[in-house]
Amino acid sequence: GSKNNNNNNNKILSNDLFSVNVLTLGGTNTDTASSIWEYNLFAEDVPFPDVIIHAYATNDMHVLSEVEAEKRGVTLEEMIMEVNQKFVRKVLTPYYQMSSSSSSETSCIHRPPLLLYYDDYIGNEQREILRTNAFSTASKVLSSYYGFGLMSYADAVNDIVYANTNENWLSPDGWPERQVHPGMGMHIVSTWVVAFNLLHLAGTFCSMNATATPTFNSGGNGVGSSNDNDSMNGSKRTNLKREYVPGNGLPHLKDRTRELNGEPQTVFNVLPPELNSTLTLDNISQRWKYDNNHSAAAHDYKNNNKCNTFDESPMPRSCMFSWIGGLERRFDKSKHLDQRLKSFLTSSDGWAASDDNNKLGYVAKAAGAKFELQFKNIKSTVRSLNFFVMKSYGEKWDGSRVKVEAFVGGTKDDGSIIEKGRHSIEITGFHDKNTSETYTAQLELGYDGSDAGAVVAGDTLTVQIELVGGSTFKITGMAFCNH
């Protein structure tokens, strides 16, 4: 019997049932992840993902978040909720796959991927137990509200850790000194936590009767068929209600034709309204209904083709120029960055590509260092310049600051360039924390939400970056995009 079972398993698993593309980037936080997802800064051959696991709990809880929250007049909990809700709403919004023959035509719409949050933070940036649960509280509220999965290493082990905070198998070594990264024990347990939750998810889904499988909509993180009009037992699946289904041995209701007054209605095809202090029981239904009736995404998702679940077409690009050190495959060495910049770099004095400490970036080597990028006869609109910068600490990074200036030029009939717009921003490269992490900064090219200062087809974009403070600076990524 054992041999036959193994043979059957081999028959099932011998074919490629799924492919795994694992992409991670250390030293970042949820705010950085939102930009990476929004502008699709993955390698060009990466297909639309089926599963996204968010594991930024520790970095979101760093003390810098507390300092930033104090500057903005909000609590750490409020700030964590804000950046994570932004990420969740971006990921769970249907993604438009543009036609390969036209940059303005939508060929299909992707369902949102399965979003899973992983909470591994048990301290010790904060000492107070209530404060160490800031991320946990926010993720649980968001998970319940938006309907995505939440896995928690912290919940699995916190009773053991609290019983002896000097242990170092499940909690960070060196406790109670500042250290937020646990060792081998945490990684082993994390593997089992994720494996158990995925097995539980698959087992639950597979045990559901086909008619009980929820339709897929932008307001939930369910799993459904690739066609909302699949025929099941002779009936259409559209507008399937959340109701009792006599499947898996459950009996039929005695009076199956009777309709109860006040029965639950179908959910809307858009995300529920954003959670904030103005959302109440008095207005949530009206807001959600309004969004459903006026949302282009809801209309398009209902009336356009859904992308084939098994299609591995690359995700659409929204940036005419981009790179992030270490995120793309085979893009982690200085020579890779030099090659990417080569066609656009018109001058560079005191800047050089560097992959020190396994973190690829473009680094200023001396005070006053300056370089220039120029893009001629641009083919698409550019409305924002996004920069990923490493912030670090110590005497070397003290006062680190760059000024970014962008010049938008139109081309006259005689081929000369006339300036249409000028934009600038300053970005700091240091912080009061003994870690080196990546943060984002954005320079908008439009004026008051319009395209008056943006780059349009045929324009020339010139970007100059100069070190105006300190003796070094590190840019770990750029993305010049259409929104």
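A: In this predicted model, helix α5 lies across β1 and β4, and its direction makes about 155° with that of β4. Helix α9 (residues 184-207) also packs on the sheet, where it touches β4 and β5 and runs at about 150° to β4.

Now to the sheet itself: it is open, built from three strands in the order β1-β4-β5, with parallel pairing. β1 (51-54) and β5 (149-152) are the edge strands, each with a single partner, so one side of each has no neighbour in the sheet. On average, neighbouring strands are turned by 20° against each other, direction ignored. Four bridges join β1 to β4 (residues 114-119), and the bridge partner of His-54 in β4 is Tyr-117.

Back to α5, which has a helix partner too. Two packed helices are described by the angle and the distance between their axes. For α5 (residues 76-91) and α7 (residues 134-146), the axes come within 9 Å and cross at roughly 35°, and the crossing is right-handed. On the α5 side, the contact is made by Leu-76, Glu-77, Ile-80, Met-81, Asn-84, Gln-85, Val-88 and Arg-89. α7 contributes Ala-134, Phe-135, Ala-138, Val-141, Leu-142 and Tyr-146.

Key
Residues are numbered from 1 along each chain as its sequence is written. This is a predicted model: local features need pLDDT of at least 70, side-chain atom pairs count only at pLDDT 80 or more; totals for chains, interfaces and linings use all residues. Side-chain values use heavy atoms; hydrogens and water are left out. Axes are lines fitted to C-alpha atoms, for helices over the stretch in contact, and angles run from 0 to 180 degrees between N-to-C directions. Helices (H or I, at least four residues) and strands (E, at least two) are DSSP runs, numbered from the N terminus. A crossing is left-handed if the near helix is turned anticlockwise from the far one by less than a right angle, and right-handed if clockwise. Contact means heavy atoms within 4.5 Å. Two strands pair if DSSP finds at least two bridges between them.
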